[in-house]
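Morning, everyone. I have one structure to walk through today. Please bring it up on the screen.

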Amino acid sequence: MKAQLELLRFAWRNVLRNRRRSLATVIIAALGAAAIMIAGGFALYTYDALREGAAREFGHFTVAHREFFQRDEETPLQYGLENYRKLSAALEKDQRVTRVLPRLNFSGLISNGDKSMVFLGMGADARAEGAARGVFLKLLEGSLFGGDEPGAPRVLLGSALAKSLNAHPGTPLTLLTTTVEGSMNAVDVEVSGIVSTGWPEIDKRLVYAPLPAVQKLLLTDKVSALAVYLEDTAMTPAALADWQARDSIHTFKPWWEQAFYYQSVRALYNRIFGLLGIIIAVLVFFSVANTLSMAVVERTREIGTLRALGALPGEIVAGFAREGGLIGVLGVVIGMALAGLTTALLLGLDVQMPPPPGRSEGYPLKVYADPTIYAVAASVIVVLCIVAAWFVSRKASRKTIVEALGHV
Amino acid sequence: MNAPVIDLRGIAKHYRMGDSDVPALQGIDLAVTRGAFVAVKGPSGSGKSTLLNICGLLDGFDAGSYRLDGEDMSGLDETARTLIRRRRIGFVFQSYNLVPVMTVRENVEYPLILLGMGEDQRIARVAETLALVGLEQLAERRPDHLSGGQRQRVAIARALVKSPALVIADEPTANLDSATATQVIDLMRGLGARHGATFLIATHDDRMTAHCDEVRTLTDGVMQ
């Protein structure tokens, strides 16, 4: 053990032999480690935000008629849920479930008397939806409505749709849609509020209307599906599995099977950050290899001496690997400090990222200090440094001793 | 009868220079008994270093046989040769070849670390050897803070600390002034006798040959 410490000490002194060169290499290793940690932390934050956004939008899982996701409906609500109240009550008994929101999807025309627009609507309890979706449904004007309010039905409009119809809270509008029987029906509504989902394409068409009013309009007592919200997104797989095992009549679909944006962004970011990681790894590898190859050349005679004294080639390589490892560890420690500092700075500063493709709103630039990412990045950098040291020293360690001793 | 530590018979060695073979050693016979202090003289290019490299297992040979302490050294692979060097052969180089990042103590200790010797035994052995070469006060100094004579004493301590059967010394006094060279020669002789080590020394230095038990001369790769 003591002998190993001695050898480690020799390696450390060798690292200090050319301080400027070693410092430059340590800095590159540190920047590489920090870059991987920060990029990984940012990706994790983004995945987390997208996951929460998707889970809040769709519910942690959706319960629907068995055919609902399989086939197109020939008439509205052909595959709707009939006894949804009973099912909802059963779901609410599950302690993991925080809320069950019935939703009824419908579409048609919305008119202000002068202009008509196509809308994609949802019959729901807007207050409950707002509570479930939190920051992911932004109320820009007016107020949300409850599930069953007296008087003329009140609706929420997507911001772009409201702009097109020149609608504001209190503006009267008419909704025209097809009933479940295939006939046309209309209802006069009043704008309760203007909302933004952050998706311009959705905000152009979005209408939220009270569920009872929509059921009355469509001449049905069905809903399209139930959105089930859990205490924690992490509970989804277990809760989903339980309910799938318990109920074979309905389809239970988790949020991730509906969140195509989340899947595609994640796939894209994985590729981008994966490529970034590879570039960083290559830079660190060549930087350490360059530094140590210079050291190997300078110390060829010393290598010959150690070999003459009885050191095996593997022991010479191990010496350089220790040096590479020390450079890596030092780089990783500094890199962790840099990444931690950057994370803390971003927590304190309100730096906004530009809106991602297809969205109208940016999001705060935050970075997670994730122990797994830190551990993986640290291991990768240290291992790379050791491998680079092994790579450059193995040839020199096998040079003939006479040749090595004669090196000038 | 005292069995030879080095027993060379008909050793030949060639180097390739382009398309031609250049003979470095031709039919060398040499027997060096245990504890002997033997010098090999000869002009530059006579093959002294090649002979020492073969005896020190730093290099192979093309023909002949070499027995070290009665054991046949022919056909050994590099690992086997390294392990024999580690246990049984010490080296003293003309330019000392101390490791600059190691202190005097660590330079002397390194061969014992390679041998896997326990810490207590290492400490005792190093302290004893440094005392014998008179460097115990300089144990924590780095080689670049030592004079040439002191460095060569460290190299001698490093060669002898593991009590090797054979010490190979290539021009050990070439870089030293007269007084220091004499001290180094006396030291080598004294420690050699104490450790029972056999010395094979390549030298041009008459001060050195004057102290040797036997002096052999090499000319153009042939032992006279």
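Let's start with a helix pair in chain B. Gly148(B), Gly149(B), Gln152(B), Arg153(B), Ile156(B) and Leu160(B) sit on the helix 5 side of the contact. Facing them from helix 6 of chain B are Thr180(B), Gln183(B), Val184(B), Leu187(B), Met188(B), Leu191(B) and His195(B). Keep in mind that this is a predicted model.

Now the geometry. Helix 5 covers residues 148-160 of chain B, and helix 6 covers residues 178-195. Their axes come within 10 Å and cross at roughly 15°. Angles under 35 degrees count as roughly parallel, so helix 5 and helix 6 of chain B are roughly parallel to each other. The crossing of helix 5 past helix 6 in chain B is right-handed.

Next, a second pair in chain B. Helix 3 is residues 104-115, and helix 4 is residues 119-132. These two pack at about 125°, and their axes are 10 Å apart. That angle makes helix 3 of chain B oblique to helix 4 of chain B. Which residues make the contact? From helix 3 of chain B, they are Val104(B), Arg105(B), Val108(B), Glu109(B) and Leu112(B). From helix 4 of chain B, they are Arg122(B), Arg125(B), Val126(B), Thr129(B) and Leu130(B). Here too, helix 3 of chain B passes helix 4 of chain B in a right-handed crossing.

On to the strands of chain B. Four of them form an open sheet, in the order 2-1-4-5, with antiparallel pairing. Where are the edges? Strand 2 (20-33) and strand 5 (71-72) of chain B are the edge strands, each pairing on one side only. Further in, strand 1 (residues 4-17) and strand 4 (residues 63-68) of chain B pair antiparallel over five bridges. Find Asp7(B) on the screen: opposite Asp7(B), in strand 4 of chain B, stands Arg67(B).

Step back to chain B as a whole. The chain has seven helices and ten strands. Its radius of gyration is 17 Å, close to the 17 Å of the globule rule for 224 residues, so chain B is as compact as a globular protein of that length. The C-alpha trace spans about 50 × 45 × 40 Å along the principal axes of chain B. Of the 224 residues of chain B, 46% are buried. Take the contacts in chain B with a separation of 6 or more: 75% of them come from residues 24 or more positions apart.

Now chain A. Here we have 13 helices and twelve strands. A compact globule of 408 residues would come in near 22 Å, but the radius of gyration of chain A is 31 Å. The C-alpha trace of chain A spans about 100 × 45 × 35 Å along its principal axes. Buried residues make up 42% of the 408 in chain A.

Last stop, helix 10 of chain A, residues 300-309. Is this helix largely enclosed or largely open? Eight of its ten residues are buried, so helix 10 of chain A is largely enclosed by the rest of the structure. Among the buried ones are Glu302(A), Ile303(A) and Arg307(A). What do the buried residues of helix 10 of chain A pack against? Within chain A, the partners are helix 11 (313-348), helix 12 (371-397) and helix 13 (401-405). From chain B come helix 2 (78-88), strand 6 (89-92) and helix 3. After helix 10 of chain A comes Gly310(A), with a positive phi near 120°.

That's my tour. Over to you.

Terms used. Residues are numbered from 1 along each chain as its sequence is written. Chains are lettered from A and ligands numbered from 1 in the order in which they are written. This is a predicted model: local features need pLDDT of at least 70, side-chain atom pairs count only at pLDDT 80 or more; totals for chains, interfaces and linings use all residues. Helices (H or I, at least four residues) and strands (E, at least two) are DSSP runs, numbered from the N terminus. The radius of gyration is taken over C-alpha atoms; the globule rule is 2.2 Å times the number of residues to the power 0.38. A residue is buried if 20 or more other C-beta atoms lie within 10 Å of its own, exposed if 12 or fewer, and partly exposed in between; C-beta atoms are placed from the backbone. Two residues are in contact if their C-beta atoms, placed from the backbone, lie within 7 Å. Two strands pair if DSSP finds at least two bridges between them. Axes are lines fitted to C-alpha atoms, for helices over the stretch in contact, and angles run from 0 to 180 degrees between N-to-C directions. Angles under 35 degrees count as roughly parallel, over 145 as roughly antiparallel, 65 to 115 as roughly perpendicular and the rest as oblique. A crossing is left-handed if the near helix is turned anticlockwise from the far one by less than a right angle, and right-handed if clockwise.
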